[in-house]
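These are my notebook entries on one protein chain, kept in the order in which I looked things up.

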Amino acid sequence: MRNLRKLLFLLVFFCPALALAQQAPDALAKSVTEEVLAAIKNDKELVAGNQKKLLELVEAKVLPHFNFEGMTRLAMGRNWRSASPDQQKQLISEFRTLLVRNYTTAFTSYKNQTVDYKPVRMKADDTDVTVQSLIKQPSGPPVAVDYSMEKAGSAWKVYNIKVEGVSLVENYRNTFNTEIQKNGVDGLIKSLADKNKSAQK
């Protein structure tokens with residue numbers, strides 16, 4: 001659970017940098033990261049934990065650059081094929097809501113972190129890349145974060161993240177698989193929905 005919280009925390013602040021369009025992935029990542037971190041640092045309402053404004057920031061800067069269907073599919077693993085189309089839609093929706101709520105909560109943990117990106121080696125026709133970064137903290141050792149991304153049309157979307165080798169998707173896959181073994185796909189949907197309702201209250 002501690003590793004999962006760390007993954008979600010790092011996911012919030014540095015994935016907005018991955019709005020990759022025509023610019024090189026590493027160059028754009030750096031420029032957008034600096035912009036987002038500066039906004040967080042200088043906005044008193046964000047620092048104070050204004051949930052509405054935090055949610056607006058997440059919706060505007062983070063969510064458009066995620067492939068939530070792809071993330072849900074990977075988190076489900078082989079169980080995805082056993083889910084009906086309607087169940088798949090519900091899973092994507094509840095998983096998205098769960099991540100969004102974790103994002104907004106994690107914003108309050110920002111403590112002047114900075115991030116350096118390694119140059120991305122890629123060919124012009126590559127559609128799947130890994131962006132490597134190193135997050136430097138005011139105290140403690142730096143943290144290595146890798147972003148798995150795929151190109152959909154002209155846009156790049158994040159479909160997985162690894163922090164010090166720990167995969168966000170695999171963390172959820174273990175949890176999802178355990179729940180499905182106990183209560184089936186509908187049981188997993190209900191579990192996610194209950195968590196989201198509880199967080200909302």
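**Entry 1: the sheet.** In what order do the five strands of the open sheet lie, and is the pairing parallel or antiparallel? I read the order as β1-β2-β3-β4-β5, with antiparallel pairing, where two strands count as paired if DSSP finds at least two bridges between them. Helices (H or I, at least four residues) and strands (E, at least two) are DSSP runs, numbered from the N terminus. At the edges I find β1 (114-117) and β5 (166-167), each of which pairs on one side only.

**Entry 2: what I am reading.** I note that this is a predicted model, in which local features need pLDDT of at least 70, side-chain atom pairs count only at pLDDT 80 or more, and totals for chains, interfaces and linings use all residues. Residues are numbered from 1 along each chain as its sequence is written, and side-chain values use heavy atoms, with hydrogens and water left out.

**Entry 3: confidence.** The pLDDT, which is the predictor's confidence in each residue from 0 to 100, averages 80 over the protein chain, and 78% of the residues score at least 70. Among the elements, I find the lowest mean in helix α1 (residues 2-14), at 51, and the highest in helix α5 (residues 68-76), at 95. Over residues 16-21 the pLDDT is below 50, although in the model this stretch has 29 contacts beyond near neighbours in sequence, a contact meaning heavy atoms within 4.5 Å. Where pLDDT is low, the predicted coordinates should not be read in detail.

**Entry 4: the chain as a whole.** I count seven helices and five strands, and along the sequence they follow the pattern α-α-α-α-α-α-β-β-β-β-β-α. Of the 201 residues, 44% are buried, where buried means under 20% relative accessible area, exposed over 50%, and partly exposed in between (1.4 Å probe, protein chains only). Among contacts with a separation of 6 or more, 59% are between residues 24 or more positions apart. The accessible surface comes to about 11000 Å², of which 48% belongs to carbon and sulfur atoms; these areas come from the Shrake-Rupley method with a 1.4 Å probe, and for residues only the protein chains shown count as cover.

**Entry 5: strand by strand.** I followed the pairing from β2 (residues 128-136) to β3 (residues 143-152), which are antiparallel over eight bridges, and found Y147 in β3 as the bridge partner of V131. Eight bridges also join β3 to β4 (residues 155-163) in the antiparallel sense, with S148 opposite N160 in β4. These two strands form a hairpin with two residues between them, and G153 in the turn has a positive phi of about 70 degrees. From β4 to β5 there are two bridges, again antiparallel, and V163 stands opposite V166 in β5.

**Entry 6: E164.** Most residues other than glycine have a negative phi. E164 lies in the loop between β4 and β5, and since its relative accessibility is 48%, E164 counts as partly exposed.

**Entry 7: α5 against α7.** At what angle do α5 and α7 pack? The angle is about 70 degrees, with the axes 7 Å apart, and this makes α5 roughly perpendicular to α7, a term that covers 65 to 115 degrees, while angles under 35 count as roughly parallel, over 145 as roughly antiparallel and the rest as oblique. The axes are lines fitted to C-alpha atoms, for helices over the stretch in contact, and angles run from 0 to 180 degrees between N-to-C directions. On the α5 side I list M71, L74, A75 and M76, which meet L168, V169, Y172, R173, F176, I180 and L188 in α7. Buried residues in α5 are F68, G70, M71, T72, A75 and M76, and just after this helix G77 takes a positive phi of about 60 degrees.

**Entry 8: two single residues.** K195 is found in helix α7 (residues 168-200) and is partly exposed, with a relative accessible area of 44%. K195 and T97 are 98 residues apart in sequence, yet 9.8 Å apart in space, C-alpha to C-alpha.
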